[in-house]
Amino acid sequence: MRPSLRTTLFLAPATAWLIAMLVLPLVVVVVFSFGERGAAGGYVPAFTFDNYFNLGARWAAFRNTLTLAPLGTVLCLLIAYPLAYFLAQKADPRWRTALLILVIVPFWTSILIRSYAWIQILGGNGLPRLIGELGFDRPRFINTPFAVMVGIVYGYLPLMVFPIYVALEKLDRRLLEASSDLGSPPWRTFLQVTLPLSLAGVATGSMLVFILLMGEFLIPQLLGGGKVFFVGNALVDLFLQSRNWPFGAAMAATLVLVMLVTVSLYLRSLRRLSGGRDDVALM
Amino acid sequence: MVNQTIAELRNVTKRFGAVTAAEGLNLAIFQGEFLSFLGPSGCGKTTALRMLAGFEQASEGDVLIDGTVVNGVPPHQRPVNMVFQQYALFPHMNVARNVAYGLNQRRPRLARADIAAKVARALDMVRLSGFTDRRIWEMSGGQQQRVALARAIVNEPKILLLDEPMAALDKKLRHDMQIELKSLQRELGITFVLVTHDQEEALSMSDRVCIMHQGRIAQIGTPEELYDQPQNRYVADFIGRSNFIAARAVGRDGERLVAEGPGGLRFVARAAEKTAGEGTVTLSLRPEEIRVAPDGAAGEGHEMRVTHRIFLGEHVEYHLRSAALDHLIAVVPRSTDIAGGTPGVGVAVRVSWRDGAALALAED
Ligand SMILES: Nc1ncnc2c1ncn2[C@@H]1O[C@H](COP(=O)(O)OP(=O)(O)O)[C@@H](O)[C@H]1O
Ligand SMILES: [Mg+2]
């Protein structure tokens, strides 16, 4: 057997899987997005750009998604990095596994139930009441972007912690010793060695969280109470309630496009920071 | 030449929990010398080195560098640099940036041009001039080692610490590197402190060798001193090979100790300073100090029988046995190999040694 043929054969299942699971649905979405809504909803074949021209009507969903998803990613990163750093570098190795399990324990319960718990905490009888009883003005948390952000950070934190933890865990400690030996105080060693060598973990974690956040609809639904709407919520509405499939498809296609552009820009800038790898000029 | 002390260990002990890695180390390191810590794995060599670098702090005693007690001073504030066992080069930086790393940490900052010039000179010294922009993973093991060396010497440390720097290289490369390292040290005049478990490496490169045994210093001296005047059985056995013979001191002959071995064999032995004048002593007799002559030859000697004969090229090694001596090893240069044919296994020979060939060791 010629090598190229063999390679093709070996790759065939993966290729078939990719086509079935990724390319086909995407093609369907794109085709639908140029169609028209039938009288009773659903899809009628056509070729029109109207769905795209009408996207402005759902601008708020895009705006919320495109601000809260990056913001949520950044917040997750800011909290996850120190946590992962502590787990990988500082925590007693005997406790490390136990602590790591604690990070994933929340995943053992459905996000639905956990979000309801947050509704109780952030709702009128939760934190605001407590703050009120301490003599301050009672703040309003539930159904605000703040509540959505709390839910997002809470829900997505483990996805960020793990890749960063893995990167920091396999960081060779002798490199830190070498840096110290060469005259670098600890904080500069962090900036010049630890951080650049963990950027791969940061990239993976950010990608995971960002991509999943772009499609999020449950948390905004429950903690944003329909006031903080994501593209995901609009899609649920368009496909399941108003049954305007072509318009929903246009929204989905646009979301995919925006995601592709953002992610590739992000990866490119990270690569410049660490991948060309020379001038990790963080100093 | 006056030996100026650049670093000192005073009664230094290091414990890791229940493990005592180093105990009661007393040692002065001289300016410009090449000193090796030599000993088997686990004897505390690396621990001693890491206490000089500042990665470990002594549990007891004082570490001095350049006349100052540096107990508790972190590595980044010590005027020493280390070449790590697996090099520990920064994978996200190219060769030049690795070498410049230490210079870039100086405050106030050095001028860019100065850094570039120093880096170029250091790379030149380790014969890597053309490799500035190379990635670390594009370099061979030997080249990586040179980068590690350049990265350390570019800082002009008071002491260069090397932890088994050649352990990962193949034999041929290791030998070349030993020569190169030694000449680099002469050229720079920097004090080198090397950790190794390779006896040949330590003896061939060092001005002085510090032999370690179970966390303690067994003996410090020049390679010749260690070979000719080992102070205890451990050192006599570790450096080169030796026949050990239990004997009884019977008197003195000036500086020498007269001892009687098994079967009434007489030895006039050099005595290590600490050896008592009487009682039992252990004699160390190097294989090459033993003369082997055909049986029936003129002169005195002890009659023994050959049990093994090993041809070593330039030398022939005999394993000998007699009623008095169970097992004696003699190594005879081939040019002086026994006239009239070399004795084979089972042949009787006459064995002798000159006065002062044996060394009486202190009981340890
Ligand atoms: N960080 C450490 N924690 C616990 N034990 C250690 C540590 N470093 C060294 N040791 C122990 O101290 C002893 C000496 O180790 P080391 O100095 O590395 O020996 P060498 O370099 O001569 O092989 C060994 O028994 C080793 O297990
Ligand atoms: Mg060691």
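Which side chains meet in a salt bridge at 2.7 Å, N to O? The note below takes up that pair in point 2.

1. **What this is.** This is a predicted model, in which local features need pLDDT of at least 70, side-chain atom pairs count only at pLDDT 80 or more, and totals for chains, interfaces and linings use all residues. Residues are numbered from 1 along each chain as its sequence is written, chains are lettered from A and ligands numbered from 1 in the order in which they are written, and side-chain values use heavy atoms, with hydrogens and water left out.

2. **The salt bridge.** The partners are A:Glu177 and B:Arg50. A salt bridge here is a side-chain nitrogen of Lys or Arg within 4 Å of a carboxyl oxygen of Asp or Glu. A:Glu177 sits in helix 8 of chain A and B:Arg50 in helix 1 (residues 45-53) of chain B, so the pair joins two chains. Side chains of opposite charge can pair when their charged atoms come close. Between chain A and chain B the count is one salt bridge. Over all chains, the rule gives 21 salt bridges.

3. **The interface.** Contact (heavy atoms within 4.5 Å) links 24 residues of chain A with 27 residues of chain B. The buried area between the two chains is about 2,200 Å². That term means the accessible area (1.4 Å probe) that two parts lose on being put together, summed over both. Carbon and sulfur atoms give 52% of the buried area.

4. **Polar contacts and the chain A side.** Nine residue pairs are in polar contact between chain A and chain B, both residues at pLDDT 80 or more. A polar contact is a pair of N or O atoms within 3.5 Å; within protein, one must be able to donate a hydrogen and the other to accept it, and residues adjacent in sequence count only if both atoms are side-chain atoms. Helix 8 (173-181) and helix 9 (186-214) of chain A each supply at least two residues of the side that touches chain B. That side of chain A has 10 nonpolar, seven polar and seven charged residues. Nonpolar covers Ala, Val, Leu, Ile, Met, Phe, Trp, Tyr, Cys and Pro; charged covers Asp, Glu, Lys and Arg; the others, Gly among them, count as polar.

5. **Chain A.** Chain A has 12 helices and zero strands. Helices (H or I, at least four residues) and strands (E, at least two) are DSSP runs, numbered from the N terminus. The C-alpha atoms of chain A fill a box of roughly 80 × 75 × 35 Å, taken along the principal axes.

6. An unreviewed UniProt entry lists "domain: ABC transmembrane type-1" for residues 62-268 of chain A. UniProt positions are given in the numbering used here, feature names are shortened, and annotations may be inferred rather than shown by experiment. In the model, this span is 79% helix and 0% strand. The unreviewed entry also annotates "transmembrane region" at several spans of chain A, including 99-119 and 189-213. Residues 99-119 are 71% helix, with end C-alpha atoms 27 Å apart. Residues 189-213 are 100% helix, and their end C-alpha atoms lie 33 Å apart.

7. **Chain B.** Chain B is divided into domain 1 (5-228) and domain 2 (287-352). Such bounds come from an automatic or database domain assignment. The C-alpha centres of the two domains lie 44 Å apart. UniProt places "domain: ABC transporter" (unreviewed entry) at residues 7-239 of chain B. That span is 36% helix and 27% strand.

8. **Two backbone details to check in chain B.** The peptide bond from B:Arg107 to B:Pro108 is cis, with omega near 0 degrees. B:Pro108 lies in the loop between helix 2 (95-104) and helix 3 (112-125). B:Asp66 has a phi near 55 degrees, a positive value in a residue other than glycine. B:Asp66 lies in the loop between strand 4 (60-65) and strand 5 (68-69).
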